[in-house]
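I opened this model to look up a few local features. My entries are below.

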Amino acid sequence: MNAILKNALGICKKVTDPCIDFIDKKLEKFDPVWQAEHGTGGLRSRYPDDGSGIPRYREWRGVRDTFQDYVAWLRNVGYMGAMAAKSPVHVVKGIWEYRWMGSFLGSFQFVDRIFEGYRGRELDIANIHGNAIVRILTLRIGLILANDRRLGGGPMSDFIIGLDETVPPLFTAGFPTLNAEPMQTMPEFVVCDVDQNLDPYYIDVAESYGLAPDVCSRCSAETGVALDDAFPVFGKLVLSTNQPCNASEATSMFQRRRFHQWGIEDYPFVFAMQHNEQNGHDYTREELKQAIAKIEEVYNVKYDWNALFKAAANMNHQNEIELEKWDIFATPYSPLSGISESLYKLVEWALVNGHDAYFNKVDDKVIQIMRQAVDDKYLPYKGKTRHRAFLWGPSAMYYTDFPTWTQNCWGLTIVLNMDSTMGHNHIDTEDPEKALTDLALFSEKGVMRHHAVGGWDNVDAVWAWAKRLNCDMVICNDNVACKGMNGVHGMLEERARELGFHFMFLPHDLEDSRTISRQEMRSAVNKFMSVVMGEEPLDPTLVEFDDSKAW
């Protein structure tokens, strides 16, 4: 039966392929990538010059890719529709109550924008990842709103553990009757990638209360969310933390007061700042034990090690595939790179963390495409890549679509980003004591800690990553309000010269696009590529454009 079906599909393909190729040839002048190659336009040609960043029409990618992209778009519509249908009253109340819920309405435009110019296998993987991201976010937003006490509450209102977004939720899998939800992820962390104009409002709220304007804009925005009383209200306990930096400690203090107003207890899950030494691992291990004990006490439940082991097995599988991906990234044949890789891994690690086996299926599907690409010696982006870069870059790289833009404009592919190098060690799935030891190391390598906190060795590791991935360039996002990273400029530049890497600082103010705009960030790259590298852009329409009002 399978052989008959295979033969039928083969015959069908022989008939349809020539037809599709004929149509593609006739319509290729509408493809913005073709337009850039032939000097008749480019990827920005379909946008009005009004700063909105909203195109006049969808990108034509050829019959196959346009159809595949449209099907992926429909899946995202389905996920959002399912969220609204499951709890329509709470969703409507959430949109009415929370400013940040309105920003999520721009998700369709966001997904379209971050995958501009993608074709073939790059687009296949990007849409697999994009669907997975929208799926998990809609599930989580639906769960939060349906159980938000401010909106009327629900059956899970008392069975949710609040986590600081930088605390890896894997260890909470030992409480299978509870849900762990990062507090800041929906109101501030993820949504700022979708809407560049949201966080400035919360930053202004924080500064209007007297917070200094020169602090990290992420910490300032999270403080503004707290002061604006824009956190959803659920659970009995929140695990706050001191990571990744000192500014986040102050943020936790402001947030704590708001949680207490709603009768939610706060427990500080404090990580060792110097976390590369054995005593740091031992300390984190004890912190994990105490956090587990606190959850047991507050929720009157017992820790289930078998439930943890099941989730840890999921995480181990994901990390095994991640390590294989890194081997493929070191070759020129990987159809996965840029924002498609980094945004997916950030969500999979920081939000899912082994709790959802669906992501194992996604990883299995993607690694098969990547393996086949290596076998076929497939050159992504039609072989236009000129440079391979390792990027040290947090949120500003997402809302600016930075990796997508660098590839389309300059042929500069972001092979891997800092966010993808988080904890990838194996977690023991048989012995509780060994599992705790492994979880300690895993938790220490959380969001932004692997290259920003814990000593010079962690910062200096960017060069080892770049070398491992066969990169010729390192881009370090220069957060103007990050006091820690501002102190190592000279050392990083010296190391780049010493090791022979092309190196640039990318100025930004993290979540505040008013200080340094998207175009200012792009202009820094434009100057480097044209003046230092002496190169011409692949798509001149992308060199300078106005997207100051974009989502």
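I am working with a predicted model, in which local features need pLDDT of at least 70, side-chain atom pairs count only at pLDDT 80 or more, and totals for chains, interfaces and linings use all residues. Residues are numbered from 1 along each chain as its sequence is written, and side-chain values use heavy atoms, with hydrogens and water left out.

**Cysteines.** I searched for disulfides, meaning pairs of cysteine sulfur atoms within 2.5 Å, and the count came to 0. For Cys216, the nearest cysteine sulfur is that of Cys219, 4.1 Å away. Cys216 is buried at 14% relative accessible area (buried is under 20%, exposed over 50%, partly exposed in between, with a 1.4 Å probe and protein chains only). Cys471 is also buried, at 8%. Its closest cysteine sulfur, in Cys476, is 14 Å away, which is too far for a bond.

**Helix H19.** I took helices as DSSP runs of H or I with at least four residues, numbered from the N terminus. H19 runs over residues 432–444, and its 13 residues reach 18 Å from first C-alpha to last, close to the expected 18 Å (1.5 Å times one less than the number of residues). Its buried residues include Leu436, Leu439 and Phe442. Among the elements covering the buried residues of H19 are helices H13, H14 and H15. At the start of H19, a side-chain oxygen of Asp431 comes within 3.0 Å of the backbone nitrogen of Glu433.

**Asp31.** I found Asp31 in the loop between helices H1 and H2. Asp31 is buried, at 9% relative accessibility. Neighbours within four places in sequence aside, Asp31 is in contact (heavy atoms within 4.5 Å) with Trp60, Arg61 and Arg119.

Conventions: Helices (H or I, at least four residues) and strands (E, at least two) are DSSP runs, numbered from the N terminus. A polar contact is a pair of N or O atoms within 3.5 Å; within protein, one must be able to donate a hydrogen and the other to accept it, and residues adjacent in sequence count only if both atoms are side-chain atoms.
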